[in-house]
Amino acid sequence: MAPRAYWKGTLKLSLVSCPVALYPATTGAEKTRFHMINRETGNRLKQQMVDAETGDVVESDQKGRGYELRKGKYVAIEPEELEAVQIESNHTIDIESFVPSGEIDQRYLNHPYYIAPEGKAAVDAFAVIRDAMKDQDRVALAKIVLTNREHIIAIEPLGKGLLGTTLRFPYELRDEDQVFDDIKSPKITKDMVELAGHILHTKAAHFDPSKFKDEYETALKALVKRKASGKTIELPEPEEKPSNVVSLMDALRQSLKGRGGKKSATKSHARRATGGRRVAKKTPRSTARQRKAG
């Protein structure tokens, strides 16, 4: 059964337009969720809004929104005042530009949506826009209004349809320098980097999300099933934490051995680490071959 459309409108490229529908590309329906309950009665608990100062329960008709100007001081914003600044949706995705996909900083990526043509009459125009982006290997940038807020959405071909991903605005990103400035620049030897490189090589793979296993979610489902059937839940013994490895070089070597030995990589590293004697022997042979070839 196809999911329910989240948004319907028109995808527009200059004078070419077609009706489209947006569908959420992600779902949390399969995740295990818990409710707050009363331990004594087993009944579900109901949340109530309470005045932070008086402790009185606040009824729905008394609830409002306020912006904190300073600690404990709020300015109330009325619903009609919010409506006055809300952007009215024209239900149009108007493509403004096309950019190389590699130029989009992944930190800006927010929520993904599937975009599909709405109705048979829209298929031809939809296919033209989709295939043109495929040929140019470009991503469209457009504006869209969702839940009264304007968003920038990046659109790219995905199979028979399009993938639209809303983007964050620059003010929503933190400056990386605030976190990275305090990172020191230690002196790392070339041998260490090469050993780490060998470890990376042993773990080389292709992106395959089907191999991702949510072990915690699996454990939660098993826990709920056992508990519901009346079985006793046995708590596991706490695992002993391994002692800290003092030598980074030893840790790298042990990691490499743990990946099946990779003797060839270790030997190759050992030859480089022993100095330039073998390199010096190779050089005359290489020169001799060059002379013979000449």
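This is a predicted model: local features need pLDDT of at least 70, side-chain atom pairs count only at pLDDT 80 or more; totals for chains, interfaces and linings use all residues.

Begin with the largest nonpolar core, a set of 21 residues in which Leu11, Val20, Leu22, Ile93 and Ile155 have the most contacts inside the core. To see where its members come from, colour strand 1 (7-13), strand 2 (16-24), strand 5 (92-100), strand 6 (109-117), helix 2 (123-136), strand 7 (138-146) and strand 8 (149-158), each of which supplies at least two residues of this core.

Next, select isoleucine 93 and display its surroundings: leaving aside residues up to four places away in sequence, isoleucine 93 touches, among others, Leu11, Val20, Leu22 and Ile155, and its contacts also include Trp7, Lys12 and Lys143.

Move on to threonine 165, which lies in strand 9 (residues 161-167). Is threonine 165 buried or exposed? Its relative accessibility is 9%, and because buried means under 20%, threonine 165 counts as buried. With residues up to four places away in sequence again left out, its contacts are Leu109, Asn110, His111, Pro112, Ile152, Ile153 and Ala154.

Finish at the largest pocket, whose volume is about 330 Å³; for its lining, select Asp51, Ala52, Glu53, Gly64, Arg65, Gly66, Gly72, Tyr74, Val75 and Ala76. Strand 3 (65-70) and strand 4 (73-77) each supply at least two of the lining residues, with strand 4 giving the most, three residues.

Notes. Residues are numbered from 1 along each chain as its sequence is written. Side-chain values use heavy atoms; hydrogens and water are left out. On a 1 Å grid over the protein atoms alone, a cavity is a set of points where a 1.4 Å probe fits but cannot get out, and a pocket is an open set with protein on both sides within 12 Å along at least five of seven lines; lining residues have an atom within 4 Å of a point. Grid points are joined across faces, edges and corners, and a volume is the space filled by probe spheres set on the points. Helices (H or I, at least four residues) and strands (E, at least two) are DSSP runs, numbered from the N terminus. Buried means under 20% relative accessible area, exposed over 50%, partly exposed in between (1.4 Å probe, protein chains only). Contact means heavy atoms within 4.5 Å. A nonpolar core is a set of buried Ala, Val, Leu, Ile, Met, Phe, Trp, Tyr and Cys residues joined through side-chain atoms within 4.5 Å.
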